[in-house]
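I opened a new model today and kept notes as I went. The entries follow the order of my look-ups.

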Amino acid sequence: MLRFITGRLVLTIPVLFGVSIIVFLLAHLAPGDVTTILAGPFATEVVKEKLRISFGLDQSLPVQYIKWLSHILQGDFGTSIANRRDVADLVFPKFVNTAILALSSAALAYIIGFFAGIFAAARPYSFSDRIVMGVTLMLGNAPPYWLGLLIVLLVSLNWRLLPATGMTNIMGDGGAWDVFLHLIQPMLTTAAAPACIVARIVRASMLEVLSQNYVRVARAKGMRRRTILHRHALRNALPPIITVCGLQLGYLLGGVLFVEVIFAWPGIGNQLWQAIQARDIPTIQGATLVIALAFVVVNLAVDVINAYLDPKIRASEKAGAT
Amino acid sequence: MKQFSLKRLLGAAAIAGSLAFASGAATEAKAEGGTFVWGISSEMSILDPHVACGWLTTNAIHSIFEGLVMLDLSDPNAKNASLKPAIAESWTVNDDGTVYTFAIRENVRFHDGTSVDADVVKWNYDRFMDTGAEHAFDQAQAYLGYYTRWIKSVEVTGPMTVKITLNETNYEWLQMGVVACGMPMIASPTAIQAMGNEQFALTPVGTGPFKFVEREQNIKLVMDRNEDYWGENAKIERLIFQPLPDQATRLNAIRAGEVSMIMEAPWEELENLKNEGFTVTTNENIPSIWLLFFNHKNPIMQDVRVRKAINMAIDRDAIADGILKGTGRPEMGMLSPGTYAYKPGYAPIKYDPEGAKALLAEAGYPDGLELDFDIYEYGYNEVWEKSIQRDLKKVGINAKLNKIEWITYMGKWLQGMPPELQMNEIGWGWTIPFWTQVMTRCDYHPPNGFNVGWYCNPEVDKLFDEAVKQKDKAKAAALYQQANDIIIGQDFGYAVKFTYKNPLVLSPSVKHFVNPPANWYDFSIIELE
């Protein structure tokens with residue numbers, strides 16, 4: 001197992017290297033000159049050039065990349081051009097906010113998806129299966145922007161139960177309870193789509209496993225449905241489910257932009273969008289890199305969990321290595 | 001507000017009850033707190049007045065800082081905002097309008113406790129105009145070039161007296177110091193020296209009615225009442241600007257009672273908001289106009305008949321009433337409202353698509369023509385630009401809209417139009433008609449100004465030169481209007497579309513808010529019930 005994890009960790013290095021190049025180039029190849037905004041509309045070319053030099057934008061792209069990468073490796077994400085703050089100070093708190101929303105939404109989505117999927121798989125093609133799958137399909141395909149607004153309209157504006165915007169009461173002192181109250185609506189909105197996807201993959205995976213001969217044998221031996229589901233089917237059905245759950249979490253950690261915008265949730269997606277609008281290259285790079293890193297880490301965790309659950313994966317890895 | 005019938009069902013749930021209690025407690029705290037929260041449409045820039053730009057940022061800057069003079073924004077009925085004393089208690093101007101002597105107000109203190117005197121004023125002016133000064137800030141000098149290019153010298157003539165001498169007479173110069181891009185406000189030298197330019201822009205220290213408390217990027221800017229203010233203290237205790245970039249989010253926030261005011265509400269929602277008890281305030285004299293620049297270096301656009309035809313083809317009423325739902329007003333002149341030179345109802349031509357077609361045929365385009373039109377991706381401009389595109393199509397002009405992301409657009413716009421481009425656009429204005437000069441003068445072609453369509457008429461420039469020398473505003477206004485009649489009525493050098501009445505939505509608890517003839521507000525006069 002340790003060997004498997006080490007192998008996977010080593011593989012993340014070229015992935016992250018590739019990501020860093022793409023992130024760097026994407027931010028730099030976009031048209032537009034940030035000094036236009038920084039130096040104001042009356043700025044002379046001399047002042048603009050001084051600014052370019054101060055931000056290192058006058059150097060060749062490879063030189064800029066090497067400098068940027070070496071700073072990143074030392075934990076220095078640079079200074080935001082638009083906000084004059086450390087990029088790390090801008091990006092990491094926002095990533096934590098997104099992580100709060102993403103992890104809680106993912107947990108909710110997994111719980112709903114898992115139980116809905118198992119429930120449906122245990123009664124394939126029955127009326128209740130169709131109802132459960134129909135509802136998840138509808139919710140999962142509802143555009144988050146529309147769904148979020150609908151939830152706010154009902155919960156905040158009509159029923160006056162929960163706050164409509166922000167992560168804490170802007171006039172208050174915050175606190176965990178305040179964050180929780182603000183979290184409920186964005187969490188419900190964000191969880192809808194992944195819950196649907198998880199439910200469908202759980203159902204499909206379970207149905208596939210339940211059609212296997214060893215399950216038929218278990219049934220023929222008179223085992224209870226519950227025992228068959230829990231003891232024999234579930235573990236074998238888990239790897240594709242874990243993979244999909246991991247992917248969903250990765251997407252959520254990337255910032256659920258629409259939900260962050262509708263609920264004014266100060267997450268990384270919102271921050272990245274603002275940085276793109278301001279052509280704030282260091283912030284764009286920092287935010288994108290953090291998102292990519294989160295995606296890689298989640299995928300690594302998924303691989304490790306799958307390898308733990310499924311000895312065949314470990315075995316194939318070993319065979320591939322030798 | 002409408003009540004949903006399911007409320008009763010949900011009200012029965014115990015958990016809902018507890019949540020409602022928690023939510024209600026937050027609302028109660030607001031009523032007692034005297035906190036005014038403004039839901040703004042985008043994040044602001046940094047808060048160093050000498051290098052800050054944009055109307056939203058100016059709202060914060062004008063709350064935290066003061067210049068020698070400020071705009072009086074307390075009169076909702078004023079046709080244009082006049083100057084009022086601020087750091088300078090009074091000032092005198094010599095006979096030919098070239099020497100301004102300012103008496104600095106006694107007992108003005110920065111938020112860090114240090115005092116303002118003539119040396120402090122000089123130190124600030126050196127920061128943004130003296131390249132040889134130890135604390136010279138080149139970015140500030142770039143931003144404030146439009147203001148400092150008129151200044152010959154700044155002298156301290158007494159402990160509380162500053163004399164500023166201009167290169168030539170310009171009676172609009174003083175008010176140039178209160179426009180929204182690079183502002184000659186007085187900042188605390190002690191704070192700048194202690195923090196450096198970068199940090200000062202994040203934790204600004206001025207003398208204004210509000211002092212900076214904290215800023216969380218994309219979350220909030222918090223300012224508290226300055227209890228040691230030299231003038232009358234602000235009525236509210238706390239002022240918060242909260243970026244809420246999405247229109248629907250801003251609407252939700254004000255309807256949920258989480259903010260006190262929002263900007264840029266959807267036009268079609270304004271009537272509903274009024275019916276729900278919110279105050280919707282507008283101003284007829286907002287100093288800005290939305291206009292099309294024609295490229296006078298492009299052979300097609302060099303023909304005045306084409307420019308006139310485009311002016312005749314645009315249905316301005318359709319934009320003002322149909323799209324903006326009455327929050328806009330058709331305009332044709334290059335003199336913006338909210339300035340002393342504005343001429344209401346100026347309209348040298350009427351909407352006349354048939355006449356436009358005939359003119360185009362006369363100009364040699366009986367089968368129509370194709371035009372390239374740069375537009376920016378920011379705000380809601382695409383809606384009316386598409387309306388203009390349809391109007392032009394009706395007269396045979398096929399306008400290709402090149403939609404460009406804002407920063408890229410600004411970079412291109414500031415360089416002036418390349419020869420192959422026919423039109424681009426902007427919406428802008430100052431509280432003084434000098435803005436029209438910046439947009440139209442021959443010597444304000446890029447990179448020296450914003451005449452990005454390369455319009456040039458020396459006769460117009462002569463009238464402008466005369467206008468700034470007039471102490472009597474009525475005489476100056478007449479000269480400006482004469483120039484305007486040449487720029488538009490004769491040359492059709494631009495196509496001005498409309499002016500915006502700036503609707504703001506206020507919660508019923510807000511009292512005495514004034515939507516002034518400016519693009520920023522005086523928050524010190526607001527009261528909360």
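Entry 1: I am working with a predicted model. I began with a sheet in chain B. Seven strands form an open sheet there, with mixed pairing. I read the strand order as S8-S9-S10-S1-S11-S19-S12 (chain B). I then checked the edges. Strand S8 (210–216) and strand S12 (279–281) of chain B each pair on one side only. From one strand to the next, the twist averages 20°.

**Entry 2: one pair of strands.** I picked out S11 and S19 of chain B. Strand S11 covers residues 261–263 and strand S19 covers residues 504–506. The two pair in the antiparallel sense, over three bridges. Which residue stands opposite Met263(B)? I found Leu504(B), in S19(B).

**Entry 3: a helix on the sheet.** I looked up helix H3 (residues 55–64) of chain B next. H3 lies across S8, strand S1 (35–40), strand S9 (220–225) and strand S10 (238–243) of chain B. I noted an angle of about 135° between H3 and S8(B).

**Entry 4: Tyr143(B).** I found this residue in helix H5 (residues 138–143) of chain B. Is Tyr143(B) buried or exposed? Tyr143(B) counts as buried, because 29 C-beta neighbours lie inside 10 Å. I listed its contacts, leaving out residues up to four places away in sequence. From chain A, Tyr143(B) touches Gly40(A) and Phe42(A). From chain B, Tyr143(B) touches His50(B), Val51(B), Cys181(B) and Gly182(B). I also took one distance. Cys442(B) is 299 residues from Tyr143(B) along the chain, and their C-alpha atoms are separated by 21 Å.

**Entry 5: the core.** The largest nonpolar core has 242 residues. I noted the residues with the most contacts inside this core: Val198(A), Ile87(B), Ala309(B), Tyr494(B) and Val505(B). Helix H8 (residues 176–210) of chain A gives the largest share of the core, 14 residues. I followed up on Ile87(B). Its contacts beyond four places in sequence include Leu68(B), Ile104(B), Val108(B), Val116(B), Val121(B) and Ile186(B). Glu66(B) and Arg105(B) are also among them.

**Entry 6: chain B against chain A.** How many residues does each chain give to the contact? I read 53 residues from chain B and 45 residues from chain A. On the side of chain B, the elements giving two or more residues include S1, H5, S10 and helix H15 (406–414). Helix H2 (14–33) of chain B is another one of these. H2(B) gives the largest share of that side, nine residues. I ended with the composition of the chain B side: 30 nonpolar, 14 polar and nine charged residues.

Notes: Residues numbered from 1 in each chain as written. Chains lettered and ligands numbered in written order. Predicted model: local features only at pLDDT ≥ 70, side-chain atom pairs only at ≥ 80, totals over all residues. Pairing = 2+ DSSP bridges. Helix = DSSP H or I, 4+ residues; strand = E, 2+ residues; numbered from the N terminus. Axes fitted to C-alpha atoms, helices over the stretch in contact; angles between N-to-C directions. Contact = placed C-beta atoms within 7 Å. Buried ≥ 20, exposed ≤ 12 C-beta atoms within 10 Å, placed from the backbone. Core = buried A, V, L, I, M, F, W, Y, C linked by C-beta atoms within 7 Å. Nonpolar A, V, L, I, M, F, W, Y, C, P; charged D, E, K, R; others polar.
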